[in-house]
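This report describes selected helices and strands of one protein model. Please consult the sequence and the structure shown below while reading.

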Amino acid sequence: GMLQDAVFHPGSDLPMWRGDDPWHPLDLLLLDNCLLNARTGETRIHTADFLGTNFIPVAYDPSVSCPTWLRCLDEWWAGQPDELAVLQEWFGLNLTADTSFHKALILKGEKRSGKGTMTWVLEQLVGKPNVCYPTLTGLGERFGLEPLLHKLVAVVGDARQAASGSRVLLTERLLGVIGEDPQIVDRKGIAALPAVHLRTRFTILSNEVPTFSDSTGVVASRFLLLIQKPSVSFFGKEDHDLKSKLALELPGILNWALAGLARLRERGRFVVPEASETAARDMEIAGSSFLGWWSKATSPDATRDVEKEALYPHYAVWCSANGYAAEASGKFWQRIKDREAKGEIAEVKLRRGEHRVRVMRGRALDACDIEDLAERWEAEARRCGGRHDIYAAFRDAPCGLPNCDARCRAFPF
């Protein structure tokens, strides 16, 4: 009765002890043959005083190894020891209900590069009842969080870009779940749960890094991106008996994962490989029109003054040329203020003749082709009929571009 109440009561937070116990419940693994303290390595026999739904159907034997698994990993991650170390730590963390590291994983690689087998092993290791299989589009829908209830792992296989209408909600939910924020979980046919702490870690498989709608860059910082070298592919060379072989090694793979968990907890954080940091920056830029413009169309220059009113037209035209949807001017200026607060740019008032003008100092706008900008401005003006704030900015702004000439004055940016 207590277990049923813990599982279905909106305020429950499993795993938990019935009463007091020195072993923290988030350190415990409910294994086939014992209760294991993953932090100390101690074991106990199963007890009715420990309440948990995440049973792991693997027997604990600290003396066994997993030679086939290690050989496969060496092939899949040849020459990438840092990525392999992160993967080992990720497997270990997924055994527990500990979400305090606030991370999710994106696994990117060519077809037949071992991604599916790696996640299959993860599923077998934590137990299939502890795994759910959402899609990115589904996570952005009303009942998208319901499949995550009481699951340790969410595997998004062969991830595609989420539908544009659901991207904002998808981003909010990913940030909330990864960041341990209580979630409202709508359920079909029954009452919603008002404040649920979902202890689910996301593992996303993809042939390309997905794009999330995020103007702040926070989503990219939450992901560990493991990218296999492009040359790694076993297409046409598959071992169709491999899963059967690996199933026999699950107790040894459990020990391998526990070693990664111990290393992660001793260090206190993941060490991100250099290639992953580069991919995370690209992911951050792809998800934000402002960050894309800031990093690709402007550059640091302490001596450069740009008239303030020239910034937004330059940004809007760059977005149009590069396939981004430009943010409204109010949000754009808020981003600029954030950059001012970080000391990357400063607003200065200068006197030019009889007039005082506001300029932004510390950032140069990349030179643009004037004729191309003129054509884009005219097209934008026709598209929005003079009603859009982008058009208003184009119409009223001074130039400010570094390659300004007489022709540029005919088109105010």
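Which residue stands opposite Thr203 in E11? In this predicted model, that position is taken by Leu105.

**Strand E11 and its partners**

Strand E11 spans residues 201–206, and six of its six residues are buried, so the strand is largely enclosed by the rest of the structure. Arg201, Thr203 and Leu205 point one way from E11, while Phe202, Ile204 and Ser206 point the other way. E11 pairs with strand E6 and with strand E8. The table lists pairings found in the model.

| Strand pair | Bridges | Direction |
|---|---|---|
| E6 (residues 104–108) and E11 | four bridges | parallel |
| E8 (residues 153–156) and E11 | four bridges | parallel |
| E2 and E3 (residues 35–37) | three bridges | antiparallel |

**The sheet E2-E3-E4**

Three strands, in the order E2-E3-E4, make up an open sheet with antiparallel pairing. Strands E2 (28–30) and E4 (43–44) stand at the edges with a single partner strand each, so one side of each has no neighbour in the sheet. Leu28 stands opposite Asn37 in E3.

**Helix H2**

Helix H2 comprises residues 67–76, and its buried residues are Thr68, Trp69, Cys72, Leu73 and Trp76. Viewed down the axis of H2, these buried residues fall within an arc of 135°, so they line one face of the helix. In general, an α-helix has 3.6 residues a turn, so residues three or four places apart point the same way. The face of H2 turned away from the buried side carries the exposed residues Pro67 and Asp74. The buried residues of H2 pack against helices H3 (81–94), H4 (115–126), H8 (242–247) and H9 (250–267).

How values were computed: Residues are numbered from 1 along each chain as its sequence is written. This is a predicted model: local features need pLDDT of at least 70, side-chain atom pairs count only at pLDDT 80 or more; totals for chains, interfaces and linings use all residues. Side-chain values use heavy atoms; hydrogens and water are left out. Buried means under 20% relative accessible area, exposed over 50%, partly exposed in between (1.4 Å probe, protein chains only). Helices (H or I, at least four residues) and strands (E, at least two) are DSSP runs, numbered from the N terminus. The arc is that of the directions from the helix axis to the C-beta atoms. Contact means heavy atoms within 4.5 Å. Two strands pair if DSSP finds at least two bridges between them.
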